[in-house]
Amino acid sequence: MYKILSKGNLSSSVKEFTISCPEIARKAQPGQFVVLRIDEKGERVPLTIADYDRDRGTITIVVQEAGKSTCQLGELNSGDAISDVIGPLGIPTHIERIGTVVCVGGGLGIAPVYPVARGFKKLGNKVISIIGARTRELVIWEDKIVPVSDELYTTTDDGSYGRKGFVSDELERLIKTGRQFSLVFAVGPTLMMRAICEVTRPFKLRTIVSLNPVMVDATGMCGACRVSVGGKTKFVCVDGPDFDGHQVDFEQLLRRQRMYLEEEKKALVCYDSAHRLGERR
Amino acid sequence: MKISPKKVEMARQEPKVRVKNFNEVALGYSEEEAIEEAKRCLQCKKAPCTKACPVEVDIPGFIARIMENDYRGAIRKIKEKNLLPAMCGRVCPQEELCEKACTLSKKYEPVAIGRLERFAADWELEKGNPEVGQLPWPTGKRVAVVGSGPAGLSCAGDLAKLGHNVTIFEALHKPGGVLVYGIPEFRLPKDIVRSEVEYIHSLGVEVKTGYVIGKIYTLAELFSQGYQAIFLGIGAGLPKFMDIPGENLNGVYSANEFLTRTNLMKAYLFPEYDTPVKIGRRVAVIGGGNVAMDASRTALRLGAQQVFNIYRRSRKEMPARREEIQNAQEEGVEFRFLTDPTRILGNREGWVTGIECVKMELGEPDESGRRRPVPIRDSEFTIEVDIVVMAIGAGANPLLPSVTPDLKLNKWGYIVADEVTGKSSKEGVWAGGDIVSGAATVISAMGSGRRSAKAINQYLMEG
């Protein structure tokens with residue numbers, strides 16, 4: 001069992017958990033993820049490690065309540081325990097000194113982009129961060145991103161905070177000013193990552209994306225997370241999660257991510273009805 | 001006394017009933033049935049059955065005890081050599097091993113050794129608290145066992161019985177490896193696996209689940225933590241695909257994924273359990289081994305209306321156990337022999353709609369001694385399906401070997417290890433089971449785990 005040491009409500013639906021797992025914290029690197037299983041009947045949920053503290057022996061994850069598992073997780077509080085936290089999994093983000101790096105985090109992706117930006121900054125790169133979300137409430141961790149960025153640009157779809165528009169619009173605007181960038185690293189919803197890649201492709205600007213397909217074991221055993229990259233099938237759990245975004249077949253990834261939509265809805269309905277019943281008692 | 005030419009039948013769930021549930025198909029012997037079957041044993045002095053057993057169970061010895069109503073004695077006899085008898089009694093290919101060697105089999109059906117082993121093991125489990133026996137004085141030596149499948153469990157159990165301090169590291173959240181993620185409930189109930197893992201635990205073995213060695217610790221780090229020897233029983237956990245068009249369509253599963261969702265994650269109880277699995281209307285399972293039979297029978301139980309088993313050779317060449325093929329057939333799996341998929345067809349939304357196959361004929365024998373299947377020109381045809389399960393074997397999972405540069409691998413990525421001892425190219429590291437042999441059986445993995453335990457003991461005590 002892994003104890004939740006603290007919980008933060010970043011918005012009405014976005015929760016931050018700091019969990020005690022000293023062995024994982026000691027090994028975690030930017031870009032890696034854990035698999036978390038809430039209880040005996042729970043599914044194995046892959047979640048990117050948004051932060052880690054080797055001294056305190058903790059990792060931090062950020063989740064948005066969307067499906068059954070994330071809603072159930074959202075109900076947990078400091079002091080509660082999670083049945084399994086397994087990791088660190090996946091290949092760490094390749095962080096090197098290359099010049100100017102644009103780190104793009106969309107929505108929930110703002111959290112996992114933070115350790116990557118920090119890593120690039122630490123190696124002496126110039127870090128330009130672009131973060132954005134649907135609306136003001138969902139722009140998270142700005143305070144953490146600021147100190148690891150040389151420049152920060154913020155967007156919201158509805159214009160309630162920062163510039164109105166998408167993070168990809170902001171990236172395009174920056175590129176069109178003629179500034180030179182060495183690398184773009186993007187993490188967020190698949191549609192957003194695809195949009196980022198479409199912006200950078202004409203400029204042949206190297207773009208790394210962190211993919212989040214459906215996974216089960218997350219150790220290369222089942223192949224649920226397979227995706228075409230450069231025409232070859234890759235397992236995101238062990239070959240990734242980072243890939244050259246210009247090589248990723250996003251259409252296939254989007255289709256595969258929708259494979260269990262029906263079941264996800266059903267699970268959520270069941271959870272909601274059971275849950276409300278519980279509250280009435 | 002006249003010997004009955006046939007084994008005492010074991011009660012089984014009727015096909016029509018069992019295809020609608022995940023409960024165990026074979027129901028085991030009663031005491032009377034077990035004694036009656038035990039009496040068929042000739043008690044051969046030379047015991048060819050024991051010689052054919054990869055872990056050398058004293059088969060006439062335990063059967064004699066069953067005959068005398070001494071079930072405690074029988075299970076003790078078995079456990080001298082085999083710490084996981086309830087599992088082996090169920091999933092061992094006895095027809096290829098002990099029962100094939102049985103003297104009776106020259107004229108009659110062999111003694112039902114597997115069923116008797118299962119009887120003795122189940123008898124003990126039903127009594128509760130299996131005997132641990134006297135454990136030796138601790139040696140103070142520490143061994144790390146990576147993987148809690150049959151190889152790892154038997155290696156760990158043997159080492160613990162020799163007084164060593166053993167820790168098993170299991171990557172998944174439940175111990176058992178292929179016994180929990182691969183083999184279905186209806187063939188090997190997970191309660192049985194749990195009981196036998198608990199037994200290994202009661203010998204003093206610590207089982208740490210959720211530890212992906214290669215990620216959380218390298219082998220070098222395990223040594224620096226004080227482990228003096230390491231056994232790798234990490235299995236052949238890399239799914240194979242056919243490399244044909246359409247394999248990434250929605251609705252195409254590796255057998256590993258399909259079975260892991262259903263067995264380990266209990267998708268057949270969705271939404272009570274969180275993990276779903278797609279339930280096909282018409283399902284194609286590709287491959288002719290035990291895993292293909294498991295996947296086909298699982299698909300039926302999940303509620304598929306029609307399940308096609310597609311195999312490129314004929315029934316005769318199928319590597320699956322006869323018993324499993326028969327079970328699948330009884331339950332309604334439709335076999336399409338001499339048929340090989342050429343591509344998977346999908347709709348605009350990316351879902352599987354069918355599988356295009358080509359008819360095959362058998363040519364000259366290949367390296368495996370089986371006749372090589374050759375496609376018949378222009379014989380392509382399509383089977384309409386909505387789920388495809390690829391059960392064409394597994395390869396070596398590179399996760400751990402790839403971060404262990406001084407571990408020698410063969411050209412397929414399996415660990416190179418001494419055939420008898422399992423010693424690898426890396427000092428202090430042994431390996432056994434499927435990660436050495438390629439996909440094989442539970443009992444052969446257990447045999448290699450035991451042989452490595454013996455060698456590790458020697459290394460620790462003499463080296």
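Helices (H or I, at least four residues) and strands (E, at least two) are DSSP runs, numbered from the N terminus. This is a predicted model, in which local features need pLDDT of at least 70 and side-chain atom pairs count only at pLDDT 80 or more, while totals for chains, interfaces and linings use all residues. Residues are numbered from 1 along each chain as its sequence is written, chains are lettered from A and ligands numbered from 1 in the order in which they are written, and side-chain values use heavy atoms, with hydrogens and water left out.

Along its principal axes, the C-alpha trace of chain B spans about 65 × 65 × 50 Å.

Of the 463 residues in chain B, 58% are buried; buried means under 20% relative accessible area, exposed over 50%, and partly exposed in between (1.4 Å probe, protein chains only). Contact means heavy atoms within 4.5 Å. Among contacts in chain B between residues at least 6 apart in sequence, 69% join residues at least 24 apart. The accessible surface of chain B comes to about 19,300 Å², and 51% of it belongs to carbon and sulfur atoms. These areas come from the Shrake-Rupley method with a 1.4 Å probe; for residues, only the protein chains shown count as cover.

Chain B carries 63 positive and 59 negative side chains, and the centres of the two sets lie 2 Å apart. In this count Lys and Arg are positive and Asp and Glu negative, while His and the chain ends are not counted. The place of a charge is taken as NZ of Lys, CZ of Arg, CG of Asp or CD of Glu.

Helix H9 (residues 150-161) of chain B is itself largely enclosed by the rest of the structure, since 11 of its 12 residues are buried. Among them are B:Pro150, B:Cys155, B:Asp158 and B:Ala160. Just after H9(B), B:Gly163 takes a positive phi of about 95 degrees.

The C-alpha atoms of B:Gly163 and B:Tyr459 are separated by 14 Å, although the two are 296 residues apart along the chain. B:Tyr459 lies in helix H17 (residues 442-462) of chain B and, at 27% relative accessibility, counts as partly exposed. Not counting residues up to four places away in sequence, B:Tyr459 touches B:Gln228, B:Ala229, B:Glu427, B:Gly428 and B:Trp430.

The backbone also deserves attention. Most residues other than glycine have a negative phi, and most peptide bonds are trans. B:Glu56, in the loop between helix H3 (48-52) and helix H4 (59-67) of chain B, has a positive phi near 55 degrees and is partly exposed, with a relative accessible area of 48%. B:Asn69 is not a glycine but has a positive phi of about 65 degrees; this residue lies in the loop between H4 and helix H5 (71-79) of chain B. A cis peptide bond joins B:Phe270 and B:Pro271, with omega about 5 degrees. B:Pro271 is in the loop between helix H13 (255-264) and strand E9 (282-286) of chain B.

In chain A, the peptide bond from A:Gly240 to A:Pro241 is cis, with omega near 15 degrees. A:Pro241 is found in the loop between helix H7 (236-239) and strand E17 (242-244) of chain A.
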